[in-house]
Amino acid sequence: MLRRAPQVLLLTLLALAVSCSRCGKGAPGGRAELRRFLPRAAQAVIVVPEVGVLGEKLARFQQLKLTSFAAQLEGFPNAESYVNAAMRQLGVDVRSRAALEAAGIAPERGAGVAMLGPGRTLSVLGVKDAKALESTFASLARNRLGAGERAEVKVDGHSLVTFRRRGAALPVLGLLFVEDYALVGAGAIVGELGRLAALPPEQSLLQEPVLSDSLSRLPKELDLYAFLPGGGGLLPQGTVQGLTLTGLITPDAVTVRADAPWPDREATLAVLDVQKGPELLGYLPADSFLVARFAGDPAGLDGVWPYIVGAQVTRAVQESGFDFRGEVLQNLKSGAVAGVSLAPTVQLGAGVPALDLRRTNPFRFVQLAVITEVKDPKRAAATLEKLPPVAERFGAQVRPAELKGQRVYLTSYRQGEGAHLAQVGERLVLAAPQSRLESLLGTLAGKPGAGAVAPELAKALEEPGLGVVLDLRRFAQAVKDLPSEAWGLGGFAIKDTTVRWLEATDDLRAVTFGLSRKQRALQAELSLKLVQPQARDPK
């Protein structure tokens with residue numbers, strides 16, 4: 001795979017690989033002299049405010065089982081061998097500060113990459129030793145690009161060093177040295193390096209207000225950040241003004257955060273403001289590997305619910321005259337929770353099912369539990385009675401029934417069993433299959449349990465307006481505990497392969513996601529939680 005890596009990708013990878021911060025303590029936005037070389041008109045920009053030694057971080061990831069497993073799939077004996085091969089391809093070992101400096105790179109001056117369009121990528125590196133950096137890229141040009149002919153010219157008083165193949169009219173790689181930085185480009189971008197070095201401040205990232213505002217709202221601790229301007233390129237006109245992403249690597253997590261100014265009224269974002277509501281997590285089944293909690297005001301979902309349920313259901317509700325906002329949303333309290341568990345009757349012998357509700361019944365594979373509280377129980381009971389005729393309009397059947405002395409509403413559709421409804425006092429439950437509903441009816445009548453979320457992951461559900469936790473450890477164990485018949489005829493081979501993959505993820509604890517608002521911006525956080533070596537199961 002490394003031998004087939006595109007040439008331009010190698011150049012970009014070099015700029016990015018040497019650009020990962022050791023501790024993320026650089027000032028938000030990075031050094032001003034770096035940002036002034038990166039154009040605001042770029043489709044996307046990646047910046048590392050402070051370049052540092054990658055040794056500890058790369059060494060940590062080399063120790064992950066998943067990294068070694070992936071390396072073995074590529075024909076390497078272990079992760080260290082894989083990374084060593086990558087370092088040889090780059091021409092510099094980014095795990096060593098001494099190696100970076102020997103290659104001519106100044107770790108403290110930052111680095112960045114701007115994607116200007118198809119095949120047009122600009123890289124900016126801090127320079128410690130211009131001669132050494134030129135030598136590094138000369139080796140890369142010669143060995144990877146077949147461009148051994150060097151030339152040097154002056155562009156507005158700055159040295160432009162280019163490398164071309166023998167007999168070629170145009171260079172394939174160029175470095176323009178400007179003060180303490182080098183602008184690096186490949187192909188057609190070489191001829192633009194002089195113009196890019198002389199960008200007026202208002203045309204550079206230095207005076208990008210959307211980016212500056214986003215960085216002021218996001219946590220200051222970061223290893224790198226990316227900015228996607230709105231109005232063209234990757235973010236078309238009519239979406240958002242811009243999207244800022246930050247990345248942070250810590251011993252226990254890899255976290256990506258996003259911030260985007262909201263194009264609509266600020267009041268629209270108020271739905272994500274955390275409200276005080278009932279604590280319902282303790283009622284979810286303990287085998288839930290995927291848990292979500294909505295802590296905002298359900299009444300604010302009036303403009304969102306059509307996107308959640310889909311066009312067919314939305315049209316059926318509207319044509320029936322059912323007041324979804326008044327009957328449902330305005331009568332719900334904040335704090336609704338949902339849990340997804342692996343169905344013990346799942347059949348994995350046929351492979352991954354089609355992710356289409358019209359073709360596959362999801363409850364053959366997973367079990368669902370959604371619990372919320374209502375403000376007016378009598379009103380909620382009356383609303384449930386109105387559901388059967390509405391459901392018929394979009395091809396489902398809702399049938400009132402008695403289950404354990406409790407009135408329930410059983411749902412079915414063309415693919416079989418649907419999600420069933422019941423009301424227990426102030427609590428409303430949506431569950432599938434019917435066996436899951438039965439167990440929840442007894443649970444809701446008592447006191448909540450310890451909860452379906454491990455204590456170390458609970459924070460991910462408490463702070464954002466919408467929080468989601470995917471417990472990878474619990475999911476892996478649920479798959480391993482499936483009975484042999486779940487794997488189909490001759491499924492022992494499929495099970496062995498699956499278990500091998502799962503064992504390779506022992507170092508991964510969970511994936512968490514949070515959606516919230518800050519001022520007039522929508523913010524999201526996605527984090528991959530890692531297991532500390534001392535916390536791993538000795539088995």
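Strand β5 (residues 158-164) is mostly covered, with 5 of its 7 residues buried. It pairs with β4 (residues 149-155) in the antiparallel sense over 7 bridges, and in this pairing Arg150 has Phe163 of β5 as its bridge partner. Strand β5 also pairs with β6 (residues 173-178), likewise antiparallel, over 5 bridges. There, Leu160 stands opposite Leu176 in β6.

The hairpin formed by β4 and β5 has 2 residues between the strands. Asp156 is located in the loop between β4 and β5. Its phi is near 50°, a positive value in a residue other than glycine. Asp156 counts as exposed because its relative accessibility is 65%, and the cut-off for that class is over 50%.

## Other backbone features

Lys404 also has a positive phi, of about 55°, although it is not a glycine. This residue is in the loop between β14 (397-403) and β15 (406-413). With a relative accessibility of 65%, Lys404 counts as exposed.

A cis peptide bond runs from Ala432 to Pro433, with omega near 0°. Pro433 lies in the loop between β18 (427-432) and α16 (434-444).

## Salt bridges

The structure holds 22 salt bridges. One of them is formed by the side chains of Asp302 and Arg325, at 3.7 Å from N to O. This pair links distant parts of the chain: Asp302 is in the loop between β11 and α11, Arg325 is in helix α13 (residues 324-327), and they are 23 residues apart. Asp302 counts as partly exposed at 35% relative accessibility, and Arg325 is partly exposed with a relative accessible area of 34%.

The side chains of Arg509 and Asp471 meet in a salt bridge at 2.7 Å, N to O. Arg509 lies in strand β20 (residues 508-518) and Asp471 in strand β19 (residues 466-471), so the pair ties together parts of the chain that are 38 residues apart in sequence. Both Arg509 and Asp471 are buried.

Val304, Ile308 and Val309 make a nonpolar surface patch of about 240 Å². Val304 lies in the loop between β11 (290-294) and α11 (305-309). It counts as partly exposed, at 34% relative accessibility.

Glu392 is found in helix α15 (residues 387-392). The residue is exposed, and its relative accessible area is 57%.

## Confidence

The average pLDDT over the chain is 84, and 88% of the residues score at least 70. Over residues 1-28, pLDDT stays under 50. For this stretch the model has 84 contacts beyond four places in sequence. Where pLDDT is low, the predicted coordinates should not be read in detail.

Note on methods: Residues numbered from 1 in each chain as written. Predicted model: local features only at pLDDT ≥ 70, side-chain atom pairs only at ≥ 80, totals over all residues. Heavy atoms only, no water. Patch = residues over 30% accessible without salt bridge, like charges linked within 9 Å, V, L, I, M, F, W, Y side chains within 5 Å. Areas by Shrake-Rupley, 256 points an atom, 1.4 Å probe, with all protein chains shown as cover. Salt bridge = Lys/Arg side-chain N within 4 Å of Asp/Glu carboxyl O. Helix = DSSP H or I, 4+ residues; strand = E, 2+ residues; numbered from the N terminus. Buried < 20%, exposed > 50% of the residue type's maximum accessible area, 1.4 Å probe, protein only. Pairing = 2+ DSSP bridges. pLDDT = per-residue confidence, 0-100. Contact = heavy atoms within 4.5 Å.
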